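User: I'm new to this one and would like to learn how to read it. Could you walk me through a few features?

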Amino acid sequence: MEKTQAYIDTHKDRFLDELLDLLRIPSVSADPEHKTDVSRCADSVRARLVEAGLEKVEVCPTAGHPIVYGEKIIDPSKPTVLTYGHYDVQPADPLELWTSPPFEPVVKDGLIIARGSADDKGQFYMHVKAIEAMLKNDTLPCNVKFMIEGEEEVGSENLGTFVKNNKEKLKADVVLISDTAMIANDTPSINTGLRGLSYMEVEVTGPNRDLHSGVYGGAVANPINVLCELITSLHDEAYRVNIAGFYDDVVELSDAERKALAEAPFNEKAYMEDLGIDAVWGEKGYTTEERCTIRPTLDVNGIWGGYTGEGAKTVLPSKASAKISMRLVPDQKSQKITKLFAEHFQKIAPPCVKVKVTALHGGEAVVTPADSVAYKAASKAMEETFGKAPIPTRGGGSIPIVALFEQELGIKTILFGFGLDSDKIHSPNEHFGVFNFMQGIRAIPRFFAHFAAMSNGRA
Ligand code: BES
Ligand code: MN
Ligand code: MN
């Protein structure tokens, strides 16, 4: 292990330079204009896996963006770790709010500033470099498989088919993913859960054309006004989601579980200050941390309609639309919630408008055990790397593929994330600490060593 760790420290600058090269490729999966950049990024990831010493490396085409696969089987009788990550990134807009261009990475005050630095290029690249370090020093203690996809930020639509069609190839004892955050650099933590997602689009149509708001206003329902009323009605006075049946399958945590989660340090004042808000908001009866981890939510992500150009145009629009996401918790099922929402929204629409509801994508919530061999190995690895045992916490984001791995391959995941909530993922000026990048590279070989030693093939 010392050899491997010394190698990592010696090659630190090169590791960082290589990551910066990867960050220069604008692999925005949502934007068709970036399709060739996304495939160029896949090719670059492929080359990196080969350089690291992985074998059978290939770019696997899908109906959408490609998946990069690679493996190193040192002994089929030994356990296998399946590393998952994503090389696609979120769109970078609004561009004017970046202090440096999103795809021209800079390292400033110990932070790597670029779109994708924390989510997820910087984090999956830690694994590539950790494997390189183990292979170059002959210390890889078990088998490893890599699957790095290019559609995570758009709902991993084609990954399900890939997993179903490649069960044998992907066979492993545990999935290892670095795509989440810790509490703080001096307070390591491991996520033991993620929320699910139902993402909807609604369209409200009133009159068959845009109308003069003086000639018709007052007599014809305005779809924007109606949409706002409908959206407002989706929460009750206690800020609970006001859809019948929405909470039916929600697993309520015991007082002991809530108490354990509350032990993670959290400073509400600093939280508000960081966000520039004077008060927090949310479901009555739950703390801020609970509201964004173990409780389900409903949020409007975007809303549009009517005239939004400069100056005034007196118009009563024909249509109004919104994108609405619901974050789900165990045991809510995405399909059921999607159906409940669609039916509810149709039902509450007044006769003066027509509504169309479309489901965009979904994913299931997961909880991962904190007493498995793999969790213990991850916990020890973090403790050795940070000098402090990590705290188990629940995460609020979604990685739909985690439930799919469980369902299709029967394997549990370790969410071995080294980011911070303050990394501004999905926002302007996304960044990832050089410290975090290096700690991840240092911790991963330790995980492999403990996992191989403890598991005897069992996760
Ligand atoms: N890495 C995030 C998920 C995440 C972030 C989990 C922080 C926990 C803490 C991932 O790339 C992501 O953004 N997922 C999407 C879901 C997807 C279906 C678009 C999300 O959570 O919105
Ligand atoms: Mn991610
Ligand atoms: Mn993301």
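This is a predicted model: local features need pLDDT of at least 70, side-chain atom pairs count only at pLDDT 80 or more; totals for chains, interfaces and linings use all residues.

User: Salt bridges first, please. How many salt bridges does the count come to?

Analyst: The general idea is that side chains of opposite charge can pair when their charged atoms come close. Here the count comes to 23 salt bridges. Some join up: Arg 14, Glu 18, Lys 129 and Glu 132 form a linked network.

User: Which helix holds both Asp 37 and Arg 40?

Analyst: Asp 37 and Arg 40 sit three residues apart in helix H3 (residues 35–52), about one turn of the helix. Their side chains meet in a salt bridge at 3.0 Å, N to O. Asp 37 is buried, with a relative accessible area of 13%, while Arg 40 is partly exposed at 43%.

User: What do Lys 56 and Glu 71 tie together?

Analyst: Their side chains form a salt bridge at 3.7 Å, N to O. Lys 56 belongs to strand S1 (residues 55–60) and Glu 71 to strand S2 (residues 67–72), so the pair ties together parts that are 15 residues apart in sequence. Lys 56 is exposed, at 63% relative accessibility, whereas Glu 71 is buried, at 10%.

Another pair is Glu 252 with Arg 295, at 3.2 Å, N to O. Glu 252 is in the loop between helices H6 (223–232) and H7 (255–262), and Arg 295 is in the loop between helix H9 (288–291) and strand S13 (297–305), so this pair ties together parts 43 residues apart in sequence. Arg 295 is buried, at 2% relative accessibility.

User: Now pockets. Where does the second largest pocket lie?

Analyst: Rolling a probe the size of a water molecule over the atoms shows where empty space is left. The second largest pocket holds about 390 Å³ of space. Of its 18 lining residues, the closest to its centre are Gly 362, Gly 363, Glu 364, Pro 400 and Leu 404. By class, the lining has five nonpolar, 10 polar and three charged residues. Domain 1 (2–194 + 367–455) and domain 2 (196–250 + 296–363) both contribute to that lining, so the pocket lies between them.

User: And is helix H13 largely enclosed or open, and why?

Analyst: In H13, 17 of the 22 residues are buried, so the helix is largely enclosed by the rest of the structure. H13 (residues 434–455) reaches 31 Å from its first C-alpha to its last, close to the 32 Å expected. Just after H13, Asn 456 takes a positive phi of about 45°.

Key. Residues are numbered from 1 along each chain as its sequence is written. Chains are lettered from A and ligands numbered from 1 in the order in which they are written. Side-chain values use heavy atoms; hydrogens and water are left out. Helices (H or I, at least four residues) and strands (E, at least two) are DSSP runs, numbered from the N terminus. The expected span of a helix is 1.5 Å times one less than its number of residues. Buried means under 20% relative accessible area, exposed over 50%, partly exposed in between (1.4 Å probe, protein chains only). On a 1 Å grid over the protein atoms alone, a cavity is a set of points where a 1.4 Å probe fits but cannot get out, and a pocket is an open set with protein on both sides within 12 Å along at least five of seven lines; lining residues have an atom within 4 Å of a point. Grid points are joined across faces, edges and corners, and a volume is the space filled by probe spheres set on the points. Ala, Val, Leu, Ile, Met, Phe, Trp, Tyr, Cys and Pro count as nonpolar, Asp, Glu, Lys and Arg as charged, and the others, Gly among them, as polar. Domain bounds come from an automatic or database domain assignment. A salt bridge is a side-chain nitrogen of Lys or Arg within 4 Å of a carboxyl oxygen of Asp or Glu.
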